[in-house]
Amino acid sequence: MQHDVIFIGSQFRNNSIFYDYMMRSITDSLHHIDTIKFYDDSDKNLFLTLETMLHTPSKLVLVCSKSSFSVVGKLLCTMTQDIQIVKDDMLMPSQTKSYKANSYLLEINETEVNVIATEVNKRIPPFLFEQKSHMQKLHLFDQDESDLKLLLSPLAESLDVTFKITTFIEGWHIIDVESSKYGELTSFINASLSLLEGKVIATTNILKYIIEVLDRNHLKVTAAESCTGGLLSSLLTKESGSSNVFDGGIVTYSNEKKNQWLGVEESILQEYGAVSKETVLAMSKGAKDVADADFAMSVSGIAGPTGESDEKPVGLVYLGICTKDMHTFMRLQLSGDRNYIQIQSAYHALKMLLLSDRSLFFENQEKNLDKGVLV
């Protein structure tokens, strides 16, 4: 089913922090979003857009500012020949199916419409969609997309399951799986885990999954970062429970601090430079020792737009990982602006973490799925 979002109010264009909060909350409810549109409070094109979208089976979220909430209600009533009524001090169409404070749900044709009123610095109202289908994400590593479709399409057809494939970073695909029957969804995922053994993880939240796996096995992880400036550590600590597996990370931007805090030898930095396999290997070893962790990731690169040379262009990134069983590196040549290179680098480091111990992160998932405890 199509999942669409319309933001109504200029505040959503201008306040990126609040917008990001909204998108996280909406994605948690809908799992995936197909289209996002923005309209100012007085934009007359909103009527035409709604008229078109309300004739397509979908779930539609109308995110309103306080000032546009009642206007949108009037607009929906005009389109459906309805009237607005007051319930619990909230104005809403009389055909509303369910409501809570600052949120109401109605069905127009075959479209479920959830209208919510939001305020900056306030908690987002609840979403009211009924879950008529079951969804799950699969994270697939080191598998060609065309081969993946050939493998999974017959299985999906036999089980009445739909799936969409998205490339996340190089070598990492995300598959959104949906079915009206939980049993068929479970069968599809279990079969996928068997067909793609050691390559796929079934979880909606990969960061939470990493934390729960490490916590369950009483393991610790740390990070030594340069060009990502703490982004990798931030991704991990955004998730509840991270304090059980992450005691801390180290950001060393200068060579001096790489030497003082991580023990990277001056001779390595002088001969090979901060952006090198030798440096990230020493960074990951130093971080593992300092944090007394089971897994240590390291990253150093040239995020740009300045700082490049003929030998080391913008986008060159080295990653390292150190565990009790391995100590290795990866060289990447990434593209994009500074922030995109940084976020790609962080997720490539997480990919290295996952692939560093396939028996830990990839096995025994079927048991968790059967118990309904996948995150």
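Does Y318 count as buried or exposed, and at what relative accessibility? Y318 has 13% relative accessibility, so it counts as buried. This is a predicted model.

Y318 has an aromatic partner, F329; the pair is tilted, with 6.4 Å from centre to centre and 40° between the planes. The two residues sit 11 apart in the chain, Y318 in strand 16 and F329 in strand 17, residues 327-333. F329 counts as partly exposed because its relative accessibility is 33%.

Over the whole structure, a search gives 15 aromatic pairs. In one of them, F12 and F18, the ring centres are 6.1 Å apart and the planes are at 15°, so this pair is stacked. Both F12 and F18 are buried. They also belong to one aromatic cluster, together with F7, Y19, Y21 and F38.

Now the cores. The largest nonpolar core has 41 residues, and L214, V221, M297, L350, L353 and F361 are those with the most contacts inside it. Elements supplying at least two residues each include strand 11 (172-179), helix 7 (206-216) and strand 16 (316-322). Helix 12 gives the largest share, 8 residues. Beyond its neighbours within four places in sequence, F361 touches I201, Y209, I210, V213, L214, L353 and L354. A second, separate core of 22 residues includes I8, V72, M92 and V113.

Last, helix 7 against helix 12. Their axes come within 12 Å and cross at roughly 40°, and the crossing is left-handed. From helix 7, I206, L207 and I210 meet Y347, L350, L353 and L354 of helix 12. The residues of this contact are 7 nonpolar, no polar and no charged.

Definitions and conventions. Residues are numbered from 1 along each chain as its sequence is written. This is a predicted model: local features need pLDDT of at least 70, side-chain atom pairs count only at pLDDT 80 or more; totals for chains, interfaces and linings use all residues. Side-chain values use heavy atoms; hydrogens and water are left out. A nonpolar core is a set of buried Ala, Val, Leu, Ile, Met, Phe, Trp, Tyr and Cys residues joined through side-chain atoms within 4.5 Å. Buried means under 20% relative accessible area, exposed over 50%, partly exposed in between (1.4 Å probe, protein chains only). Helices (H or I, at least four residues) and strands (E, at least two) are DSSP runs, numbered from the N terminus. Contact means heavy atoms within 4.5 Å. Axes are lines fitted to C-alpha atoms, for helices over the stretch in contact, and angles run from 0 to 180 degrees between N-to-C directions. A crossing is left-handed if the near helix is turned anticlockwise from the far one by less than a right angle, and right-handed if clockwise. Ala, Val, Leu, Ile, Met, Phe, Trp, Tyr, Cys and Pro count as nonpolar, Asp, Glu, Lys and Arg as charged, and the others, Gly among them, as polar. Rings of Phe, Tyr and Trp (its six-membered ring) pair if their centres lie within 6.5 Å; planes under 30 degrees apart count as stacked, over 60 as edge-to-face and the rest as tilted.
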